[in-house]
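Please read it with the coordinates open.

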Amino acid sequence: MDMQALLQQAQQMQQQLVEAQQALDEAEVEGSSGGGLVKVRLSGRGQVEDITVSADAIDPSDAEESAQTVADLVLAAIRDAEAQVERLQQEKMGPLTQGLGGGGMPGGMPGLPGL
């Protein structure tokens, strides 16, 4: 086993991971529910950046029911956006981390963030 080649490969993988993490930092996804009555924008890392609730989601004649409906719609929109973030993270990080975390190196690769 050529240690120099192994070290070089590890450095390349680390650089690819850093680039993938930067892409996730810059990415945004949007989830929605209720036919677009509620929209949630998340960063590529899964942090909620913005929530928009349409006035059409609120029934002024029944504030209590309306509040519960809006809460349910917000939760559904967050779950929709989280599913999209998960797909995006898998797309960006999956190929890079596939063999490292559970495959040939128990406990991940030392020195590589997130592994």
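A patch of negative charge sits on the surface of this predicted model, made of Asp59, Asp62, Glu64, Glu65 and Asp72. A patch takes residues with over 30% relative accessible area and no salt bridge, joining like charges within 9 Å and nonpolar side chains (Val, Leu, Ile, Met, Phe, Trp, Tyr) within 5 Å. Lys and Arg count as positive, Asp and Glu as negative, while His and the chain ends are not counted. Each charge is placed at NZ of Lys, CZ of Arg, CG of Asp or CD of Glu. Asp62, one of the patch members, falls in the loop between β3 (48-53) and α2 (63-101). Asp62 is partly exposed because its relative accessibility is 34%. The classes are buried (under 20% relative accessible area), exposed (over 50%) and partly exposed in between, with a 1.4 Å probe and protein chains only.

Residues are numbered from 1 along each chain as its sequence is written.

**The nonpolar patch**

Val48, Ile51, Val53 and Ile58 make up a nonpolar surface patch. Together they have about 290 Å² of accessible area. Areas come from the Shrake-Rupley method with a 1.4 Å probe, and for residues only the protein chains shown count as cover. Ile58 belongs to the loop between β3 and α2. Ile58 has 48% relative accessibility, so it counts as partly exposed.

**The chain as a whole**

The protein chain has two helices and three strands. Their order from the N terminus is α-β-β-β-α. These elements are DSSP runs numbered from the N terminus: helices are H or I with at least four residues, strands are E with at least two. Of the 115 residues, 28% count as buried. The chain exposes about 7500 Å², and carbon and sulfur atoms supply 49% of that area. Among contacts with a separation of 6 or more, 50% join residues 24 or more positions apart. A contact means heavy atoms within 4.5 Å.

**Salt bridges**

How many salt bridges does the count come to? The count is three. The rule asks for a side-chain nitrogen of Lys or Arg within 4 Å of a carboxyl oxygen of Asp or Glu.

| Pair | N to O distance |
|---|---|
| Arg45 and Asp25 | 2.7 Å |
| Arg41 and Glu28 | 3.0 Å |
| Arg41 and Asp50 | 3.9 Å |

Take the bridge between Arg45 and Asp25. Arg45 lies in the loop between β2 and β3 and Asp25 in helix α1, so the pair ties together parts 20 residues apart in sequence. Both ends are partly exposed: Arg45 has 44% relative accessibility, and Asp25 has a relative accessible area of 47%.

Next comes the bridge between Arg41 and Glu28. Arg41 is in strand β2 and Glu28 in strand β1 (residues 28-33), so this pair ties together parts 13 residues apart in sequence. Arg41 is partly exposed at 27% relative accessible area. Glu28 is partly exposed at 48%. Arg41 also forms a salt bridge with Asp50, which is partly exposed at 33% relative accessibility.

**Residues inside the fold**

Why does Leu17 count as buried? Its relative accessible area is 1%. Leu17 is part of helix α1 (residues 3-26). Leu17 and Pro95 are 78 residues apart in sequence, yet 9.9 Å apart in space, C-alpha to C-alpha.

Ser43 belongs to strand β2 (residues 38-43). Ser43 is buried, with a relative accessible area of 8%. Leaving aside residues up to four places away in sequence, Ser43 touches Ala27, Glu28, Glu49 and Val85.

**Serine 32**

Ser32 is in strand β1. Is Ser32 buried or partly exposed? Ser32 is partly exposed, at 34% relative accessible area. Beyond residues up to four places away in sequence, Ser32 touches Val38, Lys39, Ala77 and Asp80. Ser32 and Arg79 are 47 residues apart in sequence and 8.9 Å apart in space, C-alpha to C-alpha.

Terms used: Predicted model: local features only at pLDDT ≥ 70, side-chain atom pairs only at ≥ 80, totals over all residues. Heavy atoms only, no water.
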